[in-house]
Amino acid sequence: MIKAGIIGGAGYTAGELVRLLLNHPETKIVFIHSNSHAGKRITDVHEGLYGETSLVFTDELPLNMIDVLFFCTAHGDTKKFLESHNLPENLKIIDLSMDYRIQSDDHDFIYGLPELNRRATCTAKHVANPGCFATCISLGLLPLAKNLMLKDDVTVNAITGSTGAGVKPGSTTHFSWRNNNISVYKAFDHQHIPEIKQSLRQLQNSFNAEIDFILSGRLPAWDLRHNRSENESRHRRNRAHVRRILRKRLFRTHRERKYRPEAGGKYEQMPDSLGKAWRQTARYLLHRQSAERS
């Protein structure tokens with residue numbers, strides 16, 4: 001029986017991890033650490049686990065009682081913890097944050113994508129769990145990289161749900177804002193791009209093109225161009241121009257202003273079920289691109 005401990009047990013990631021471990025026949029959860037919820041039942045936070053566990057959050061760290069330690073902490077916290085604590089020598093670590101996903105001489109973490117690093121992951125002492133978007137995007141591109149077919153830029157448009165931003169709500173991340181709405185997030189600069197490139201270059205070392213990742217809302221769509229002609233290359237999309245549009249918020253979300261008598265006769269932002277705002281945005285972008293080409 002593998003004895004496991006979890007640090008950062010109150011978030012969405014930890015909730016799913018707890019569910020998986022509770023239903024694993026060879027695993028026993030020894031403790032789930034959370035400073036903010038110490039003393040509370042796990043089901044008080046993760047209500048979907050009612051009837052499956054009677055575990056309680058703790059603020060103690062009995063590291064000598066476990067075989068593997070999972071980190072479900074915010075990005076940056078795993079590294080801080082390892083630098084400030086002395087861990088048992090034989091303790092295995094699985095980090096679900098992004099602190100150790102990029103290979104470096106400063107650590108010995110293995111990038112734990114089983115489709116790519118299965119053997120290394122099975123024998124590793126320290127494993128960095130891949131990011132969500134990095135996983136789904138890489139799995140679509142790795143077969144092409146294996147056959148050395150990635151010759152040009154890759155454009156990815158992906159959509160995620162409201163839980164992707166974590167438990168703590170923000171002005172544009174909680175469900176009431178995201179429901180029936182799509183907005184652009186970290187276009188071309190998403191934090192998962194480096195690990196995607198790292199995985200692709202593991203199979204196709206010659207890959208040095210860009211990954212134009214636009215997150216509009218984890219449902220990915222890929223746009224690949226292979227052996228592009230010289231004429232097509234001359235009219236390729238102007239990335240800098242699109243970047244300016246996005247940063248100036250000219251790329252509208254799927255919402256529009258509608259008159260609502262029940263709201264005191266005021267205009268309010270309402271879900272655009274017919275996609276009118278999206279079509280307006282598409283026409284705007286196409287017009288600007290055509291003007292630049294001419």
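Predicted model: local features only at pLDDT ≥ 70, side-chain atom pairs only at ≥ 80, totals over all residues.

Mentor: Residues are numbered from 1 along each chain as its sequence is written, and side-chain values use heavy atoms, with hydrogens and water left out.

Trainee: How many salt bridges does a search of the whole structure find?

Mentor: Side chains of opposite charge can pair when their charged atoms come close. The criterion is a side-chain nitrogen of Lys or Arg within 4 Å of a carboxyl oxygen of Asp or Glu. The search finds 2.

Trainee: Which residue pairs with glutamate 195?

Mentor: Arginine 101, with the closest N and O atoms 3.2 Å apart. Glutamate 195 is in helix H7 (residues 193–203) and arginine 101 in the loop between strands E4 (92–95) and E5 (110–111), so the pair ties together parts 94 residues apart in sequence. Helices (H or I, at least four residues) and strands (E, at least two) are DSSP runs, numbered from the N terminus.

Trainee: Is glutamate 195 buried or exposed?

Mentor: Buried means under 20% relative accessible area, exposed over 50%, partly exposed in between (1.4 Å probe, protein chains only). Glutamate 195 is buried at 1%, and arginine 101 is buried at 4%.

Trainee: Where does H5 bend?

Mentor: The bend at a residue is the angle between axes fitted to the seven residues ending there and the seven starting there. H5 bends by about 40° at leucine 139, and proline 143 follows within four residues.
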